[in-house]
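Subject: Structure handover, salt bridges

Hello,

Here is the structure for you to look at. My notes on its charged contacts follow below.

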Amino acid sequence: MEKKITFKGDAEIGRRVRVIRENKSMTQRKLAEKVMVSPSSIARLESGQTMVSVFTIIRIAEVLNTPVSFLLSGCAEDLDLSGITEIVKKLDRCTPEQREMLLQGFEHILDAFFLT
């Protein structure tokens, strides 16, 4: 049976998303619409129950007009997202099946980096 790996800080990412969203007087539903995910995905992220993909985090940051670095770590330093943006554009051209395979592979790579 595969062990589910959870990362410390998931709840903090969700908390930062919630605080920024509420400061902008935006509902979970409105954020979900703009990011193109379900409202329950936003609710689960904000409550720390689940983590969304890095691509969704990038979209959330864009919609909330906040640096990705702040959402992920609480630091407001600017990150060069040009490489990630190009990857997202390429993923948009993939079929859903291709995208799912690539995202699963990416998650495994990240898991290898962040094993605790």
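The structure holds six salt bridges. A salt bridge here is a side-chain nitrogen of Lys or Arg within 4 Å of a carboxyl oxygen of Asp or Glu. The model is predicted, so local features need pLDDT of at least 70 and side-chain atom pairs count only at pLDDT 80 or more, while totals for chains, interfaces and linings use all residues. Residues are numbered from 1 along each chain as its sequence is written, and side-chain values use heavy atoms, with hydrogens and water left out.

**Glu12 and its partners**

Glu12 pairs with Arg15 in a salt bridge, with the closest N and O atoms 3.0 Å apart. The two are three residues apart in helix α1, so about one helical turn separates them. (Helices are DSSP runs of H or I, at least four residues, numbered from the N terminus.) Glu12 is partly exposed, at 36% relative accessible area. Arg15 is also partly exposed, at 34%. The cut-offs: buried means under 20% relative accessible area, exposed over 50%, partly exposed in between, with a 1.4 Å probe and protein chains only.

Glu12 also forms a salt bridge with Arg16. Here the closest N and O atoms are 3.9 Å apart. Arg16 and Glu12 are four residues apart in helix α1, so again about one helical turn lies between them.

**Arg16**

Arg16 lies in helix α1, which spans residues 10-23. Is Arg16 buried or exposed? Arg16 is buried, with a relative accessible area of 9%. Its side chain reaches the backbone oxygen of Leu71 at 3.0 Å. Set aside the neighbours within four places in sequence, and Arg16 is in contact (heavy atoms within 4.5 Å) with Phe70, Leu71, Leu72, Ser73 and Gly74.

**Arg21 and Glu46**

Arg21 forms a salt bridge with Glu46, the closest N and O atoms being 2.6 Å apart. This pair links distant parts of the chain: Arg21 sits in helix α1 and Glu46 in helix α3 (residues 39-46), 25 residues apart. Arg21 counts as buried, at 7% relative accessibility. Glu46 is buried as well, at 9%.

Best wishes

How values were computed. Polar contact = N/O pair within 3.5 Å; in protein donor to acceptor, adjacent residues only side chain to side chain.
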